[in-house]
Amino acid sequence: MRQNGKINLLGNSPAMIELKEEIEQVARSDGKVLITGESGVGKELVARSIGALSLRADAPFVPVNCAGIPETLLESELFGHVKGSFTGAYRDKPGKLEMAANGTIFLDEIGEMTLRMQGLLLRYLETGEIQTVGADRVAMSSNTRVIAATNRVLRDLIAQGQFREDLFYRLNVIHLVVPPLRERREDIPLLVDHFLQTLVAKNGGNGNGRNGTGASPGTAYGAIVRSISPQAVQTLTEYSWPGNVRQLQNALEKLVVTGRREVIELDDLPLEFRTSPAAGVRPRRERRRTIVDDLFKKLIEERQSFWAAVYPLYMNREITRGNVRDLVHKGLEEARGNYKIVLRLFNIDAGDYKRFLNFLRKHDCHLPFKEYRQ
Ligand SMILES: Nc1ncnc2c1ncn2[C@@H]1O[C@H](COP(=O)(O)OP(=O)(O)OP(=O)(O)O)[C@@H](O)[C@H]1O
Ligand SMILES: [Mg+2]
């Protein structure tokens, strides 16, 4: 998908093809959109694609990150403020809602908004009124389309009293789900290729870029890497990518910056990417791998607890000690060697830490965590 020659939402997996069709459809309407998906899956890119494909393409697309900034600042960021309305307000400042006039505002990490801000946003959505901080009059909305995104499960937040249900229904007119990368592995080679090309181009792309001067931080300037071997791509395709596309992008950038030869080979990849069966590090039988993958999915995606989904199967000898060990191995990989995080991944109560470790030790499934630490 390419608009204005800029936005490029890559992927030919069935899931991505479907998502792109949805985006095209959504872009034709003007309804509010809620985009959900794990961190790094491409939610912002999806939002930008909608903006760029819509009739609002020539008007501004204004992103606002609702996380990590204090409530009062966020309020002024969205609604603007008048001079003198708080310390540091030296002049009138328009809010992002106004700046996005006739265009699109992208409210990122909407799940992190405080309840009071949620109330203010709801009022705006219901009345179209922009209540500028410190002003005594309200301005009317400037016809702005609202797209929101979150990596949180809003229904859970609602259940916990942290997110307003009425706001949820306001925002959730059209819901797009961006699937995690491990559910569309077909896209990985394409993404690897794209990121590598971009990094190499940034690097001059002519093979003599070993000039460190003028390098801006975080760019691959001066690197010698040009390509990646098919085996390495295969291995990257089998990795689980908990941080999704962003993690893949960062991993490639690191490989390019630190690479010491033109082609990235299998053994250049960090160990964490290489411990999958097909990488040859740990040959396993297909059947066993499938069982473990299924169990892992139950824990990670379906959020079942280890005690309910795994323990009884093992005690009834429906799965083997090897299965449990493989599962722990996968957990440790994901948690980079931190058993406490494994506990969380496996949906075990923190209070059960000792019980879990005792169980693993007793059944010889306690793997040393050191080799998973980086
Ligand atoms: N399908 C894709 N094609 C090309 N690049 C992608 C794709 N998906 C994501 N990216 C790139 O991956 C990075 C992360 O994407 P983005 O910021 O949209 O994710 P996000 O879901 O908003 O992440 P977060 O939850 O961390 O905010 C960006 O650099 C983006 O350009
Ligand atoms: Mg984002």
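# Questions on a predicted protein model

In this predicted model, contacts between residues at least 6 apart in sequence were sorted by separation, and 70% of them join residues at least 24 apart.

User: How many helices and strands are there in the protein?

Analyst: This is a predicted model. The protein has 374 residues, and 45% of them count as buried. Its elements are 17 helices and 13 strands.

User: Which residues touch the most other members of the largest nonpolar core?

Analyst: Nonpolar side chains tend to be buried together in soluble globular proteins. Here the largest nonpolar core holds 29 residues. Those that touch the most other members are L78, L107, I110 and F163.

User: Which element gives the largest share of this core?

Analyst: Elements that give two or more residues to the core include β4 (61–65), β7 (104–108) and α5 (115–127). The largest share is six residues. That share comes from α5.

User: Is L107 buried or exposed?

Analyst: L107 lies in strand β7. Leaving out residues up to four places away in sequence, L107 touches V64, C66, L78, L121, V146, I147, A148 and A149. Buried means under 20% relative accessible area. L107 has 1% relative accessibility, so L107 counts as buried.

User: What separates the C-alpha atoms of L107 and L34?

Analyst: Along the chain, L107 and L34 are 73 residues apart.

User: Which residues is I110 in contact with, leaving aside its neighbours within four places in sequence?

Analyst: I110 belongs to the largest nonpolar core. Its contacts, with those neighbours set aside, are L34, L121, A148, A149, T150, L154, F163 and L171.

User: How many residues are in the second, separate core?

Analyst: This core includes V310, A335, I348 and L357. The number of residues in it is 27.

User: Which residues form a nonpolar patch on the surface?

Analyst: One member, L73, is found in helix α3 (residues 71–79). L73 has a relative accessible area of 43%, so it is partly exposed. The patch has about 220 Å² of accessible area together. Its residues are I69, L73 and F86.

User: Is E75 buried or exposed?

Analyst: E75 is also found in helix α3. Not counting residues up to four places away in sequence, E75 touches G80, R116, M117, L120 and V133. At 13% relative accessibility, E75 counts as buried.

User: How many disulfides does a search of the whole structure find?

Analyst: C66 is buried, at a relative accessible area of 3%. C365 is buried too, at 0%. The number of disulfides found in the whole structure is zero.

User: Which parts does the pair of R182 and E38 tie together?

Analyst: The side chains of R182 and E38 meet in a salt bridge, 2.6 Å from N to O. R182 is buried at 16%, while E38 is partly exposed at 28%. The two residues are 144 residues apart in sequence, so the pair ties together the loop between β11 (174–177) and α8 (188–202) and the loop between β3 (33–36) and α2 (43–53).

User: Which residues are linked with R182 in a network of salt bridges?

Analyst: The count of salt bridges comes to 17. In this network, R182 is linked with E38 and E301.

User: Which helices hold K330 and D293?

Analyst: The side chains of K330 and D293 meet in a salt bridge, at 2.9 Å from N to O. K330 counts as partly exposed at 21%, and D293 is partly exposed at 30%. The pair links distant parts of the chain, 37 residues apart. K330 is in helix α15 and D293 is in helix α12.

Conventions
Residues are numbered from 1 along each chain as its sequence is written. Chains are lettered from A and ligands numbered from 1 in the order in which they are written. This is a predicted model: local features need pLDDT of at least 70, side-chain atom pairs count only at pLDDT 80 or more; totals for chains, interfaces and linings use all residues. Side-chain values use heavy atoms; hydrogens and water are left out. Patches are made of residues with over 30% relative accessible area and no salt bridge: like charges are joined within 9 Å, nonpolar side chains (Val, Leu, Ile, Met, Phe, Trp, Tyr) within 5 Å. Accessible areas come from the Shrake-Rupley method with a 1.4 Å probe; for residues, only the protein chains shown count as cover. A salt bridge is a side-chain nitrogen of Lys or Arg within 4 Å of a carboxyl oxygen of Asp or Glu. Helices (H or I, at least four residues) and strands (E, at least two) are DSSP runs, numbered from the N terminus. Buried means under 20% relative accessible area, exposed over 50%, partly exposed in between (1.4 Å probe, protein chains only). A nonpolar core is a set of buried Ala, Val, Leu, Ile, Met, Phe, Trp, Tyr and Cys residues joined through side-chain atoms within 4.5 Å. Contact means heavy atoms within 4.5 Å. A disulfide is a pair of cysteine sulfur atoms within 2.5 Å.
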